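Got the viewer open and a selection tool ready? Here is a short tour, stop by stop.

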Amino acid sequence: MEFLFLLFLGKPMWMWLLFITLVIALLAFDLGVLHKDGNHEIGVAESLKLSGMYIALGLSFAGFVYWQMGWEPTAHYLTAFVVEKTLAMDNVFVIALIFTFFAVPRAYQHRVLFWGILGVIVLRGIMIGLGATIVASYSWVLYIFAVFLIFTGIKMLFVADKEHNIADNPLLKFIKRRFRVTDELHGNSFFVQKADAHGRMVRYATPLFIALILIEIADLVFAVDSVPAVFTITTDPYIVYTSNIFAILGLRALYFALAAILHRFAYLKYALSLLLVFIGSKIFIADIMGWEKFPPSWSLGITFAILGAGVFFSLWKTRGEKDPAVKPAE
């Protein structure tokens with residue numbers, strides 16, 4: 001049992017195994033209990049309950065962090081969790097566009113998001129592992145992350161109103177040009193056997209699989225922003241990974257909870273851009289003030305203030321508006 005106390009990325013192995021076991025249990029519960037029929041359509045009420053459960057679990061894990069590591073790492077964890085959860089909102093917008101473009105029914109969306117989240121867990125783990133290794137060897141990389149976040153936040157301010165056009169996506173064009181893809185869905189199948197032009201039975205990818213690929217790529221793009229953002233909050237790999245994964249685990253439930261009211265959060269992107277600028281600027285503010293690091297409690301408070309103001313303004317600005325994606329009955 002000695003291996004349980006061996007250090008891995010600065011933490012005892014048992015802490016990593018405990019977290020991984022919890023994640024596997026949650027995924028098994030999701031797939032094996034909640035959605036064992038495979039085509040279960042998630043309603044708003046159910047998605048709100050699931051979202052509440054995942055958020056409660058993510059916040060409860062902060063108690064474990066406090067028990068094992070103290071207040072400062074706990075403040076870092078909570079800040080990272082809130083930031084990742086909010087940045088996931090941008091991902092929800094893109095997921096909604098992808099599902100709309102491919103006309104994926106709600107009954108099949110859960111399967112895409114479930115396998116998408118599995119891919120995210122692996123990809124985030126790889127990116128965070130590489131990031132932790134680089135930061136441990138070259139601490140000045142944090143300044144590059146910070147400048148990148150400030151630049152990204154400023155850029156978001158000017159493109160927040162720009163709409164994504166899935167049809168013009170270069171990856172989608174490449175896939176359709178290079179691979180066999182059906183024009184229609186085939187239930188919840190990612191692949192089907194069909195006859196080609198010569199009458200041979202060959203495997204075709206369905207639009208459901210292409211939607212999965214685009215969602216994975218979208219998360220990879222968002223991770224380029226979110227992973228550096230967390231590393232500028234804390235360089236502890238355990239805090240970075242656990243906060244990331246807890247935020248991502250609830251992404252599927254968050255999507256179904258917010259899909260019908262995404263238009264009410266149209267202005268939240270401006271708050272996200274300001275948040276990225278703030279997170280990126282913290283390391284420079286600390287240097288100017290002669291601090292060892294930006295106070296974690298201040299960081300958590302300012303993060304909540306920016307996001308709270310963004311949510312309030314967005315809901316106030318869109319009051320009385322109807323979802324533009326819902327066409328009135330003729």
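Begin with helices α3 and α9, whose crossing is right-handed. Keep in mind that you are looking at a predicted model. Select residues 71-101 for α3 and residues 251-258 for α9: the two pack at an angle of about 65°, and their axes are 10 Å apart. To see what touches what, show side chains. On the α3 side, pick K85, A88, M89, N91, V92, I95, A96 and F99; on the α9 side, pick L251, L254, Y255 and L258. Colour these by type and you get 10 nonpolar residues, 1 polar and 1 charged.

Next stop, the rings. There are 26 aromatic pairs in the structure, so let's visit a couple.

Stay with α3 for a moment and select Y77 together with F61. Their rings form a tilted pair, 5.8 Å centre to centre with 50° between the planes. F61 belongs to helix α2 (residues 44-69) and Y77 to helix α3, so this pair ties together parts 16 residues apart in sequence. Are these two buried or exposed? F61 has a relative accessibility of 8%, so it counts as buried. Y77 is at 0%, and therefore counts as buried too.

Now jump to F145 and F231. The ring centres are 6.3 Å apart and the planes sit at 40°, so this pair is tilted. Here distant parts of the chain are linked: F145 is in helix α5 (residues 141-159) and F231 in helix α7 (residues 207-231), 86 residues apart. Both F145 and F231 are buried.

Then look for charges over rings. Zoom in on R111 and F190: the charged end of R111 sits over the F190 ring, 4.3 Å from its centre. Move on to K194 and Y204, where the charged end of K194 sits over the ring of Y204, 5.6 Å from the centre.

Last stop: S273. You'll find S273 in helix α10 (residues 268-289). With a relative accessible area of 0%, S273 is buried. Which residues is S273 in contact with, leaving aside its neighbours within four places in sequence? Select G153, M156 and L157, and you have them.

Technical notes
Residues numbered from 1 in each chain as written. Predicted model: local features only at pLDDT ≥ 70, side-chain atom pairs only at ≥ 80, totals over all residues. Heavy atoms only, no water. Axes fitted to C-alpha atoms, helices over the stretch in contact; angles between N-to-C directions. Helix = DSSP H or I, 4+ residues; strand = E, 2+ residues; numbered from the N terminus. Left-handed = near helix turned anticlockwise from the far one by under 90°. Contact = heavy atoms within 4.5 Å. Nonpolar A, V, L, I, M, F, W, Y, C, P; charged D, E, K, R; others polar. Phe/Tyr/Trp six-rings, centres within 6.5 Å; stacked < 30°, edge-to-face > 60°. Buried < 20%, exposed > 50% of the residue type's maximum accessible area, 1.4 Å probe, protein only. Lys NZ or Arg CZ within 6 Å of the ring centre and 35° of its normal.
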